[in-house]
Amino acid sequence: MTVAVTGASGQLGRLVVQALLREGATPVVAIVRDPQKVADLAEQGVDVRQASYDDAESLDRALAGVDRVLLVSGNEFGARVAQHTNVIRAAERAGVELLVYTSIPQGEQNSMILAQEHIGSEAALADSTVPHAILRNGWYWENYLGGLAHAVESGVLNGAAGEGRVAGAARADYADAAAKVLTTDGHAGQVYELGGDERLTYAELAEVISAVAGKPVRYQDLPQADYAAALQQAGLPADYANVLADADAGIPKGLLDVTSGDLQKLLGRPSTPAAEVFRAALS
């Protein structure tokens, strides 16, 4: 059985390829725009194929002979529905037996800006003939690493999440779950809502950071617009800052609070604690 991973040079895609290798899957295909970025995977026996989400012919070549494929959602905001649809159509033409897509919690009910292209992509999958499964990945604890050093230095974790809870997990947890779905049977037609064991408020997240860093860190809750402005002052582009602030504003609505247990069932173990991720980053 040939298993392929798109976006295999990215943070999640690379972890999925490594998880597949640990699972003993063979052959494994890594689909990337720049093969040089995964030269190390090629040295491990991975079949590296060049393709772009925008290039249908390259996708046809990359998916030739593939049985199962993980479509890792792209990062080109505004173009993702069309790009994902290109992969879906190529999978149809290739006769792929299972396409697995990485989405966002609560799918069509999620009002976050980040969710809208996932909603369109899930709709494209629903309209396709390719058997598929959807992994609605929750928040990565790694999403907080960009501001971790500043929070430790300043003693303040900023956000706009109120008292909402985030059921986060390590990126590697989601990668391991994807590898499990790709290498076992019975997943076609399934939608998995994936979130970690820890369901933390930002005040609790600040306590975790404080314990790991050995310095007091408190949570400062800001209005959404003020948080977006703070992110811009920290150097983020305005559009991206607004998307992140909008995501925080969705947390009190429960949009990142996942209680399904799907991740744990797929992993056969608990998810990785936030403290472990933060400790590794600060060491």
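1. A word on burial before the details: buried means under 20% relative accessible area, exposed means over 50%, and partly exposed lies in between (1.4 Å probe, protein chains only).

2. Some ground rules. This is a predicted model, in which local features need pLDDT of at least 70 and side-chain atom pairs count only at pLDDT 80 or more, while totals for chains, interfaces and linings use all residues. Residues are numbered from 1 along each chain as its sequence is written, and side-chain values use heavy atoms, with hydrogens and water left out.

3. Now the rings: the structure holds four aromatic pairs. Rings of Phe, Tyr and Trp (its six-membered ring) pair if their centres lie within 6.5 Å; planes under 30 degrees apart count as stacked, over 60 as edge-to-face and the rest as tilted. One of the pairs is Y140 with Y174, tilted, at 5.2 Å centre to centre and 45° between the planes. Because Y140 sits in the loop between β6 (132-137) and α6 (148-154) and Y174 in helix α7 (residues 171-183), this pair ties together parts that are 34 residues apart in sequence. Helices (H or I, at least four residues) and strands (E, at least two) are DSSP runs, numbered from the N terminus. Y140 is buried at 14% relative accessible area, and Y174 is buried at 1%.

4. Y202 and Y219 form an edge-to-face pair, with 5.3 Å centre to centre and 75° between the planes. Y202 belongs to helix α8 (residues 202-213) and Y219 to strand β9 (residues 218-221), so parts 17 residues apart in sequence are tied together. Y202 is buried too, at 2% relative accessibility.

5. Do look at S103, in strand β5 (residues 98-103). S103 is buried, with a relative accessible area of 6%. Leaving aside neighbours within four places in sequence, the contacts of S103 (heavy atoms within 4.5 Å) include H118, E122 and I134.

6. Finally, helix α4 (residues 80-94): at 1.5 Å a residue, its 15 residues should span 21 Å, and its end C-alpha atoms are 21 Å apart, which agrees. The expected span is 1.5 Å times one less than the number of residues. Among the buried residues of α4 are R80, H84, V87 and A91. Their cover includes β1 (3-6), α3 (56-62) and β5. After α4 comes G95, with a positive phi near 70°.
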